[in-house]
Amino acid sequence: MNLQQTNSDLEFLRELVDTDSQSSFQQGVRHVQYLLKDFLDQLGFQVELVSQNEGAPLFIGNIGDRGPVVTLISHADTVIPASKSHFRIDGTRAYGAGIADNKAGVVVALKAVKIYLENCGTNRLRLQFVNSPTEEIGSPGLHESFKLLGLNSQYAFGFEPSLEDGGLIKSRNGNKWIKITVQGKSFHAGRAHKGHINAAQDLCQVLVAMNAKLIDNPLVTFNIGELTAGHSYNTIAETAVAKIDTRFQCLEGLKLIQEMLEEDLQKHFHPCSNTAVKSRYQIDIEDFCPPMKTKDNNEMINNYIKHIEKLENSAPKLYHCGGAADVNHFYHEDLIVLDGCGAVGGNLHRIDEYIEISSLNSRAQAFANFLLDLNKRERYGYH
């Protein structure tokens, strides 16, 4: 089923929402990807479904062979299964599992592309549609692919849901998950306390120093998510492990974290009083996501906002969002980027997740109008 066959956004959205595509249920995710393929095949896209081991494929669709590359980014998976919240309409809102994040975003993006291609005359843009199978669990294994797709793009738009007031996302934090493992030497705490290397105490000294350096910095957040060490009151901990979440609004914030990690952490360790030996340590980066930021006062982004204002009688505000999304991995400093271009919605990742039904049309039409403006610029050579 698709929009062209049913002429109904809501019917297509119903099919997407009632397809169980929780991240762990890759059969359902795969079905969503093939629904997209059927739709974009009819519009003339060249679609590639990139295999992901035993999981659902990454969806990449392209149309056009000239002009700037405009990448539309969405995802097929959801946090909760469809069985916990089927599609339903109540007044001006529609509800269902993953309806805002990200099933309605998919519908908005597809409808916008369809409207644009039906009205552009000669297409002078290269449109690229990317739909992740595993965004809700961080799109593991896809980050390098996203980075390459981003480097080949001039524009990137994430179709994550807008904010509940209709606001768009101008920037997102990046994050770095850091695992620090300290290896000391175990002894009985009473009988051989002086001849020890206490991994737990050494690691705590490191964490205190890190926290002191970052706690008041507005560009960075520092969170110790997990701390494990030792196994009893009267033994000296041989191993200690900390799992740390750092987030940063910009590359300057990332630089602060990087400089911190490049320091010699052993300077914080207390040596064994008998041998002068210190603990050893290892740093592992468990996850990395770059920050993303919209260029200030970009003419085309401002035009897009004006198109929304004309249709909704209110200009959406631009917000910073602390969480990361797939669009972060596409980001580079020359990219014109924006997120939250999907439907207006709220209560994400809950059984009462919803969208404002009218935003399906207004956000799709606004983005189509943006593409039409961009196409006109290419036609007349306005750069």
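Lys213, Glu263 and Lys267 are linked in a network of salt bridges, a salt bridge being a side-chain nitrogen of Lys or Arg within 4 Å of a carboxyl oxygen of Asp or Glu. The structure is a predicted model, in which local features need pLDDT of at least 70 and side-chain atom pairs count only at pLDDT 80 or more, while totals for chains, interfaces and linings use all residues. Residues are numbered from 1 along each chain as its sequence is written, and side-chain values use heavy atoms, with hydrogens and water left out.

The structure holds 13 salt bridges. One of them joins the side chains of Asp9 and Lys111, at 2.6 Å from N to O. This pair links distant parts of the chain, 102 residues apart, with Asp9 in helix H2 (residues 9-17) and Lys111 in helix H4 (residues 99-119). Helices (H or I, at least four residues) and strands (E, at least two) are DSSP runs, numbered from the N terminus. Asp9 and Lys111 are both buried, where buried means under 20% relative accessible area, exposed over 50%, and partly exposed in between (1.4 Å probe, protein chains only).

The side chains of Glu226 and Lys243 also meet in a salt bridge, at 3.8 Å from N to O. Glu226 belongs to strand E10 (residues 220-229) and Lys243 to strand E11 (residues 239-248), and the pair links distant parts of the chain, 17 residues apart. Glu226 counts as partly exposed because its relative accessibility is 37%. Lys243 is likewise partly exposed, at 38% relative accessibility.

In the salt bridge between Glu299 and Arg377, the closest N and O atoms are 3.4 Å apart. Because Glu299 lies in helix H8 (residues 299-312) and Arg377 in helix H10 (residues 358-380), the pair ties together parts that are 78 residues apart in sequence. Glu299 is partly exposed, with a relative accessibility of 47%, whereas Arg377 is buried, with a relative accessible area of 17%.

Strands E13, E8 and E14 form an open sheet of three strands in the order E13-E8-E14, with mixed pairing. Strand E13 (292-293) and strand E14 (318-321) stand at the edges and have a single partner strand each, so one side of each is left without a neighbour in the sheet. Two strands pair if DSSP finds at least two bridges between them. E8 and E13 run antiparallel and are joined by two bridges. Lys293 in E13 is the bridge partner of Ser171.

Pockets and cavities were located on a 1 Å grid over the protein atoms alone: a cavity is a set of points where a 1.4 Å probe fits but cannot get out, a pocket is an open set with protein on both sides within 12 Å along at least five of seven lines, and lining residues have an atom within 4 Å of a point. Grid points are joined across faces, edges and corners, and a volume is the space filled by probe spheres set on the points.

The largest pocket has a volume of about 600 Å³. Its lining comprises 30 residues, of which Glu135, Arg172, Gly323, Ala324 and Ala325 are the closest to the centre. Elements that each supply at least two lining residues are strand E8 (168-172), strand E9 (174-183), strand E12 (280-289), helix H9 (326-330) and strand E16 (345-346). By class, the lining of the largest pocket has 11 nonpolar, 10 polar and nine charged residues; Ala, Val, Leu, Ile, Met, Phe, Trp, Tyr, Cys and Pro count as nonpolar, Asp, Glu, Lys and Arg as charged, and the others, Gly among them, as polar.

The second largest pocket holds about 270 Å³ of space. Residues in its lining include His143, Glu144, Lys147, Phe288 and His332. Helix H5 (143-151) and helix H7 (251-262) each contribute at least two residues to the lining of this pocket, and H5 gives the most, with four. The lining of the second largest pocket divides into six nonpolar, three polar and two charged residues.

One cavity of 30 Å³ or more is found in a search of the whole structure. The largest cavity contains about 50 Å³ of space, and the residues that line it include Ile73, Ser74, His75, Glu135 and Ala325. Strand E3 (69-75) and H9 each supply at least two residues of this lining, with E3 giving the most, three residues. The lining of the largest cavity consists of four nonpolar, three polar and four charged residues.
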